[in-house]
Amino acid sequence: MSDIKITIIDREGVEHQIDAPTDMAMNLMEVVRSYELAPEGTIGICGGMAMCASCQCYVLSNTELPEMQDDEEAMLAEAFYVEDNSRLSCQIPMLPEMEGLKVKLAPES
Amino acid sequence: MIKTDILIIGAGPTGLFTVFEAGLLKLKCHLIDALPQPGGQCSEIYPKKPIYDIPAFPEVLAGDLVDNLMEQIKPFEPGFTLGERAETIEKLEDDTFIVTTSRGTKHHAPVVAIAGGLGSFEPRKPPLADIAKFEDKGVEYIIRDPEVYRDKRVVIAGGGDSALDWSIFLADVASEVTLVHRRNEFRGALDSVDRVKVLKDLGKIKLVTPGEIIQLNGEDELESVLIRKNNEASEEILLEVDHFIPLFGLSPKLGPIADWGLEIEKNAIKVDNSLDYQTNIPGIYAIGDVNTYPGKLKLILCGFHEATLMCQSAYQRIFPDKKYVMKYTTVGGVTGFDGTKKEAPKAVVKAID
């Protein structure tokens with residue numbers, strides 16, 4: 001097994017503890033979609049290219065995450081409801097060391 | 001009234017390829033799209049990104065895929081109603097349909113194929129209090145007629161190509177142009193960024209970065225905006241303006257199609273995938289990313305397949321009594337409505353002496 005336990009708070013404020021696979025090259029946005037924690041068509045609209053910000057989330061745990069790349073930073077600069085802990089979940093790959101990650105999905109915009 | 005055989009809603013890859021498959025059956029197509037150009041997401045969101053799973057194309061840029069499709073369907077002379085959103089549908093007594101757009105353009109066809117992707121692209125509206133109140137009273141998300149801004153004070157927000165390009169354009173039209181962006185860096189084309197810098201140095205564009213518009217003021221019409229610079233309350237600027245143009249890109253919304261009486265599940269239209277991708281309303285089909293059925297995958301290649309089967313069904317609907325069998329293009333060639341004909345060269349039979 002190469003699953004990790006992570007916590008996702010959906011847009012209605014409901015907390016979900018889920019197992020995220022780390023061996024399928026999935027990113028956090030895809031994990032959210034696979035568990036249907038946000039309605040289809042409201043998350044991951046661009047498919048994971050950091051080009052739409054529909055998968056924005058707030059990182060609530062101190063989990064170390066890969067550094068933000070230019071395209072993610074640029075997209076967040078044009079997104080709404082952005083906070084200091086905002087990330088695009090499509091740019092966060094699921095890695096074994098992310099056990100315990102906790103995020104909240106940003107509102108739909 | 002525009003008349004056609006298959007009215008396609010959505011000019012993305014699936015909608016465009018439908019024109020080809022319909023054309024082989026001698027059916028004419030007309031496409032409606034809310035965007036001003038064909039290509040859907042491929043042109044609007046990621047034209048410069050490569051796609052690797054189009055059969056027989058190891059790699060193709062999304063923009064090139066659209067260009068190729070436009071070339072492929074050219075002989076079938078599709079009509080386009082661009083920059084207008086399909087709003088309402090009406091079923092007539094003879095089971096044909098009239099679809100009317102946001103600008104009142106009417107289309108009449110016996111078959112409607114919804115190839116709407118994730119929906120029509122709508123401007124993303126910044127979450128500011130009262131913004132709805134000022135819409136068309138100083139706040140515009142889309143620039144339709146630049147002359148509206150002649151000798152007016154304009155503030156533009158955003159950091160992409162459209163914010164840069166319109167700031168440049170309006171610098172010569174408006175009396176005052178202020179560009180507000182949350183970061184110092186812009187992500188538009190490099191020459192646009194350079195041009196804005198030149199205009200800023202000439203005093204023709206006022207640049208406020210990093211800054212954000214946090215409040216709109218005015219009695220009835222927009223009178224001023226409050227800009228917070230450097231995310232500091234102490235650096236707030238009250239700017240008197242006539243127009244505020246937020247340019248934060250577009251996001252797709254299913255929109256009015258959701259009210260057409262079609263069965264919707266998970267923001268997509270349910271179709272019969274065992275047969276022809278028809279919806280619960282006979283004569284209305286849904287193909288590509290906009291539909292759903294057990295095992296659905298939102299892939300361009302799946303959209304192409306769905307379009308192909310849908311056209312066969314559309315043919316039978318339009319000509320219920322005609323006999324027809326599918327013909328390979330290699331055998332039958334491609335005869336365009338424009339008089340062109342492409343066909344495989346005949347094999348040469350030659351004896352060996």
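This is a predicted model: local features need pLDDT of at least 70, side-chain atom pairs count only at pLDDT 80 or more; totals for chains, interfaces and linings use all residues.
1. Leaving aside residues up to four places away in sequence, Ile114(B) touches Ile9(B), Gly10(B), Ile257(B), Ile269(B), Ile284(B), Tyr285(B), Ala286(B) and Val290(B).

2. Ile114(B) also belongs to the largest nonpolar core, a set of 49 residues. Together with Ile6(B), Val112(B) and Ala113(B), Ile114(B) is among the residues with the most contacts inside that core. Helix α7 of chain B, residues 300–318, supplies the largest share of this core, namely seven residues.

3. The division of chain B into domains deserves attention. Domain 1 is made of two stretches, 2–121 and 251–342, while domain 2 covers 131–248. Taken over C-alpha atoms, the centres of domain 1 of chain B and domain 2 of chain B are separated by 38 Å.

4. A record also describes chain B. An unreviewed UniProt entry carries the annotation "domain: FAD/NAD(P)-binding" for residues 5–294 of chain B. In the model, this span is 19% helix and 31% strand, and its end C-alpha atoms lie 29 Å apart.

5. Helix α5 of chain B, residues 161–171, is mostly covered, for eight of its eleven residues are buried. These buried residues are Ser162(B), Ala163(B), Leu164(B), Trp166(B), Ser167(B), Ile168(B), Leu170(B) and Ala171(B). Which elements of chain B do the buried residues of α5(B) pack against? They pack against the strands β12 (153–157), β13 (176–180), β14 (205–208) and β18 (243–246), and against helix α6 (190–201).

6. Chain A contains two helices and five strands. Read from the N terminus, its elements follow the order β-β-α-β-α-β-β. Of its 109 residues, 38% count as buried. Among contacts in chain A between residues at least 6 apart in sequence, 63% join residues at least 24 apart.

7. The dimensions of chain A can be compared with a simple expectation. A compact globule of 109 residues would have a radius of gyration near 13 Å, and chain A agrees with this because its own value is 13 Å. Along the principal axes, the C-alpha atoms of chain A fill a box of roughly 40 × 30 × 25 Å.

8. The final point concerns the contact between the two chains.

Technical notes: Residues are numbered from 1 along each chain as its sequence is written. Chains are lettered from A and ligands numbered from 1 in the order in which they are written. A nonpolar core is a set of buried Ala, Val, Leu, Ile, Met, Phe, Trp, Tyr and Cys residues joined through C-beta atoms within 7 Å. A residue is buried if 20 or more other C-beta atoms lie within 10 Å of its own, exposed if 12 or fewer, and partly exposed in between; C-beta atoms are placed from the backbone. Helices (H or I, at least four residues) and strands (E, at least two) are DSSP runs, numbered from the N terminus. Two residues are in contact if their C-beta atoms, placed from the backbone, lie within 7 Å. UniProt positions are given in the numbering used here, feature names are shortened, and annotations may be inferred rather than shown by experiment. Domain bounds come from an automatic or database domain assignment. The radius of gyration is taken over C-alpha atoms; the globule rule is 2.2 Å times the number of residues to the power 0.38.
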